[in-house]
Amino acid sequence: MQIDNASEAGQLYVVATPIGNLADFSFRAVEILQQADLIAAEDTRHARLLLQHYGISTQVISLHQHNEEKQAPSLIEKIKNGATVALISDAGTPLLSDPGMPLVKLAREQGVKVSPVPGSCALIAALSVSGLPVIPFSFEGFPPRSTSARKRFFAAREKVAWTWVFYESSHRIQASLDDMLAVLSPERECVIARELTKLHETIIKGPLSSISQQVDNNPNMRKGEFVVIVAGAEAVDEESEQTQQDDEALLAVLLSECSVKTAATLAAKITGHRKKNLYQLALQMTEGK
Ligand code: SAM
């Protein structure tokens with residue numbers, strides 16, 4: 001089997017597939033999947049939808065998190081014997097919160113050539129439209145599933161100076177935001193990128209408290225797939241200083257006309273910031289007088 005280069009028979013391709021919109025698939029990816037001897041897919045039924053769409057009839061075998069350690073050696077043997085194998089996952093780039101690590105690691109250890117066929121990746125797509133600093137950034141995968149472990153996960157990242165990114169499912173997006181609110185400042189700037197490249201794509205950006213409120217208030221905002229991007233601690237310091245100045249300026253106007261309680265309520269409605277924090281700030285401002 002020959003792809004790209006006559007001397008490269010027998011190699012592994014790691015092929016990115018679309019994260020929603022089927023048109024986000026490169027000509028080269030289609031060509032490689034068509035010409036490969038074998039496609040190792042995370043879920044063979046899921047893969048067939050994509051493969052049928054592109055008229056690809058290559059044999060597909062399953063390679064998922066529960067069998068990849070076992071399958072990897074025999075696939076490497078096949079490649080050594082001249083087969084070209086293409087690795088795909090259900091969506092996006094394999095290995096990024098997806099199967100593939102044991103196979104690629106073994107290929108490298110055994111001197112088998114591995115080439116990427118780059119394409120969609122939800123975290124990169126989300127970062128590219130976040131408007132938050134992208135250099136440096138860290139990718140944190142999925143947070144733990146239990147509340148206590150999740151809170152520790154977020155608390156451990158509180159002081160991280162750079163932008164950090166994690167994946168979340170519809171089942172846990174609200175719980176994750178609640179846990180973030182419990183351990184991070186409500187002013188921490190965040191972006192939620194939901195259903196990227198799909199019909200209901202939604203990207204919202206703002207202070208954590210406002211983002212959490214928007215997700216809480218709208219059941220549709222809890223449906224689908226999510227990338228959450230959190231501004232680093234340094235950016236927060238600067239931004240929260242500016243936000244506090246803005247809140248103070250607004251409260252100063254409101255306090256000249258109404259009570260602390262009403263001023264805090266109105267300011268919360270206008271800014272989307274937490275009423276409790278605005279009430280404290282308004283109290284401090286009036287106490288100083
Ligand atoms: N390997 C994939 C990639 O390159 O992005 C990610 C696979 S991981 C199992 C699936 C998670 O990626 C979802 O739970 C969600 O957090 C994120 N994701 C995948 N597709 C997405 C999309 N279209 N919009 C937003 N997030 C998405």
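Which strand gives the most to the shell around the ligand? In this predicted model, local features need pLDDT of at least 70 and side-chain atom pairs count only at pLDDT 80 or more, whereas totals for chains, interfaces and linings use all residues. Residues are numbered from 1 along each chain as its sequence is written, and side-chain values use heavy atoms, with hydrogens and water left out.

The ligand is surrounded by 19 residues, the closest of which are T93, D98, A122, Y167 and F226, where a residue is near a molecule if one of its heavy atoms lies within 4 Å of it. Strand 10 (225–230) and strand 7 (163–169) each supply at least two residues of this shell, and strand 10 gives the most, with three residues; strands are DSSP runs of E with at least two residues, and helices are runs of H or I with at least four, both numbered from the N terminus. Because domain 1 (11–120) and domain 2 (123–230) both give residues to the shell, the ligand lies between them, the domain bounds coming from an automatic or database assignment.

A backbone N or O atom of E168 lies 3.3 Å from a ligand oxygen atom, while a backbone N or O atom of E195 lies 3.5 Å from a ligand nitrogen atom. Taken alone the ligand exposes 570 Å², of which the protein buries 92%, with accessible areas computed by the Shrake-Rupley method with a 1.4 Å probe.

Two backbone features were also noted in loops. The peptide bond from I135 to P136 is cis, with omega near -5°, and P136 lies in the loop between helix 5 (122–130) and strand 6 (137–139). L95, although not a glycine, has a positive phi of about 80°, and is found in the loop between strand 4 (85–88) and helix 4 (101–109).

Conventions. Polar contact = N/O pair within 3.5 Å; in protein donor to acceptor, adjacent residues only side chain to side chain.
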